[in-house]
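Subject: A structure for you to explore

Hi there,

Here is the structure I promised to pass on to you. Please open it beside this email and follow along as you read.

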Amino acid sequence: MLAAEPQSARVARRFVREAAAYQEPDTPEDALGTLELLASELATNALLHGARFAPDSSVRVVVDARPGRTRVEVHDACPTLPYIRPTSTLSERGRGLLLVSLMAAAWGSADRSTGKMVWAVVTW
């Protein structure tokens, strides 16, 4: 569980790396780096949008690592499902999910009774 505060994205990165390496010790370093980046993007989105929807809410990060793949889930209170926005050279934001879609083997989202869950899978 992460508090809805800016430094929580850094905590999410560290947690995902350590949990994945613990659950699946043979996880390659490049996969761990990709997992950190994906966790950072998903957690940042959850912290920005979930906190705006429910300021006192927290963000939950779940890691499921197995031989050859790791799945990261980020749960938040915002019920709106994410989507990839058309990119613009004028905008400084809005490219996070595009990055997730390019780096993850698969990604998606689902409604939950308390908001939503966004997930990404890294394979090797």
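A salt bridge, as the word is used here, is a side-chain nitrogen of Lys or Arg within 4 Å of a carboxyl oxygen of Asp or Glu. Keep that in mind, as we come back to it below. This is a predicted model, in which local features need pLDDT of at least 70 and side-chain atom pairs count only at pLDDT 80 or more, while totals for chains, interfaces and linings use all residues. Residues are numbered from 1 along each chain as its sequence is written, and side-chain values use heavy atoms, with hydrogens and water left out.

**The overall plan**

The protein chain has three helices and five strands. Both come from DSSP runs, numbered from the N terminus: helices are H or I with at least four residues, and strands are E with at least two.

Of the 124 residues, 39% are buried. Buried means under 20% relative accessible area, exposed means over 50%, and partly exposed is in between (1.4 Å probe, protein chains only). The accessible surface of the chain is about 7,000 Å², and carbon and sulfur atoms account for 53% of it. Areas like this come from the Shrake-Rupley method with a 1.4 Å probe, and for residues only the protein chains shown count as cover.

Contact here means heavy atoms within 4.5 Å. Among contacts between residues at least 6 apart in sequence, 63% join residues at least 24 apart.

**The sheet**

In which order do the five strands lie in the sheet? They form an open sheet in the order E1-E2-E3-E5-E4, with antiparallel pairing. Strand E1 (2-3) and E4 are at the edges with a single partner strand each, so one side of each has no neighbour in the sheet. Two strands are said to pair if DSSP finds at least two bridges between them. As background, strands of a sheet pair through backbone hydrogen bonds, either parallel or antiparallel.

E3 and E5 run antiparallel and are joined by eight bridges; here Val72 stands opposite Ala120 in E5. Strand E4 (residues 106-112) and strand E5 (residues 115-123) are also antiparallel, paired over seven bridges. A hairpin of two residues leads from E4 to E5, and Arg112 faces Gly115 in E5.

Is His75 buried or exposed? It counts as buried, because its relative accessibility is 12%. The side chain of His75 makes a polar contact with the side chain of Glu73 at 2.9 Å. (A polar contact is a pair of N or O atoms within 3.5 Å; within protein, one must be able to donate a hydrogen and the other to accept it, and residues adjacent in sequence count only if both atoms are side-chain atoms.) Not counting residues up to four places away in sequence, His75 touches several others, including Val59, Val62, Arg112 and Met117.

Next, look at Pro67, in the loop between strand E2 (58-66) and E3. Pro67 counts as exposed because its relative accessibility is 70%. Leaving aside neighbours within four places in sequence, Pro67 is in contact with Glu24 and Trp124. The C-alpha atoms of Pro67 and Thr123 are 8.9 Å apart, although 56 residues separate the two along the chain.

**Salt bridges**

Now back to that opening definition: by this rule there are six salt bridges. In one of them, the closest N and O atoms of Glu29 and Arg17 are 2.7 Å apart. Glu29 lies in helix H2 (residues 29-53) and Arg17 in helix H1 (residues 8-23), so the pair ties together parts that are 12 residues apart in sequence. Glu29 is exposed at 52% relative accessible area, whereas Arg17 is partly exposed at 22%. Arg17, Glu29 and Glu36 are linked in a network of salt bridges.

Asp64 is worth a look too. Arg69 meets Asp64 in a salt bridge (3.0 Å, N to O), and Arg66 forms a salt bridge with Asp64 at 3.1 Å between the closest N and O atoms. Asp64 is partly exposed at 24%, as are Arg66 at 46% and Arg69 at 22%.

Happy exploring!
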